[in-house]
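Here is a short tour in questions and answers. Take a look at the model, and then we will go through it together.

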Amino acid sequence: MRLVYDPSHYRDNTGLKETIDTVARLGYEWVELSPRKDFIWFCEYPKVDRQLIKSLKKYCADAGVKISSVLPVQQWSSPVEEERQAAVRNWKRCIEITAELGVDLMNSEFSGNKRKPQASEDAFVRSMEELMPLFERESIKLNLQSHPHDFIEQNIEAVRMIRALDKDWIKLVYSVPHAFYYDNGIGDVVKHIEEAGDLLAHVLIADTFNHKAGFGLRYIINPPDADVTIHQHLNPGEGEVDFDALYRKLREIKFDGIVTNAVFAYPDRPEWSNELTLKSIREGLKL
């Protein structure tokens with residue numbers, strides 16, 4: 001099992017070298033390169049050259065940290081063709097960067113527009129048809145997660161789409177803080193893991209509250225029909241996810257993939273947050 005840190009707490013005010021050094025100091029051997037402005041940002045062309053790649057590899061070697069995966073988020077499922085094409089262009093560069101870093105795994109979200117699921121699915125499949133040969137040429141694997149407000153939000157639909165792609169190098173990311181979106185407010189983490197079966201490759205650890213609770217009034221949005229979705233990435237135990245059941249199920253199936261600390265809520269107290277979350281993961285999974 002790889003225990004990984006997503007350094008999103010440090011993405012806004014910490015340089016790449018300091019971020020990598022911090023990951024090592026926090027107790028991790030592995031880091032996930034999630035979006036950050038000085039590397040690969042959401043829906044933008046990567047701001048990376050050969051010198052930055054060389055420097056990042058040195059930072060990691062010096063700190064004793066390895067990159068588990070690179071995480072770009074692009075609108076590759078956009079029903080707007082011009083936007084989709086830009087995303088595919090950006091993805092191609094992200095794949096090149098990942099290969100140059102010597103990393104063999106990327107993970108991402110389905111993206112798209114939940115109000116236009118069929119058009120988004122069509123766009124996603126077209127994008128994958130363009131990109132899959134490049135993934136295969138570079139021997140890079142891909143893990144995908146459904147995300148609130150993507151054209152795929154539910155866990156079972158993500159599993160079905162990945163199976164439809166029918167590539168043994170494309171697997172599922174199970175994001176625990178999305179649990180109440182994965183089944184429309186139930187949050188049955190055990191069922192989600194069972195649905196994933198052999199596709200489960202990566203688990204993101206963070207807590208959240210059930211947005212469907214309180215007669216749908218857990219979160220009050222004004223105006224009431226605003227097109228938004230809300231969730232959190234809290235320390236385990238601060239929300240309503242059943243972590244006892246989650247950890248028990250992962251132990252039962254002898255999960256041996258990637259487990260990532262994906263708590264984002266405390267950039268003002270990141271070390272405190274990491275201490276709580278890392279303890280939860282290690283105790284829950286008996287590491």
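Q: At roughly what angle do the axes of helix α3 and helix α4 cross?
A: This is a predicted model, in which local features need pLDDT of at least 70, side-chain atom pairs count only at pLDDT 80 or more, and totals for chains, interfaces and linings use all residues. Residues are numbered from 1 along each chain as its sequence is written, and side-chain values use heavy atoms, leaving out hydrogens and water. Helix α3 covers residues 81-100 and helix α4 residues 117-137, and their axes come within 10 Å. They cross at roughly 20°.

Q: Are α3 and α4 roughly parallel or roughly antiparallel?
A: Angles under 35 degrees count as roughly parallel and those over 145 as roughly antiparallel. The axes here cross at roughly 20°, so α3 and α4 are roughly parallel.

Q: Is the crossing of α3 with α4 left-handed or right-handed?
A: A crossing is right-handed if the near helix is turned clockwise from the far one by less than a right angle, and left-handed if anticlockwise. By that rule, α3 passes α4 in a crossing that is right-handed.

Q: Which residues of α4 make the contact with α3?
A: Contact means heavy atoms within 4.5 Å. On the α3 side, E81, R84, V88, W91, K92 and I95 take part. Their partners on α4 are A123, R126, S127, E130, L131, L134 and F135.

How values were computed:
Axes fitted to C-alpha atoms, helices over the stretch in contact; angles between N-to-C directions. Helix = DSSP H or I, 4+ residues; strand = E, 2+ residues; numbered from the N terminus. Parallel < 35°, antiparallel > 145°, perpendicular 65-115°, else oblique.
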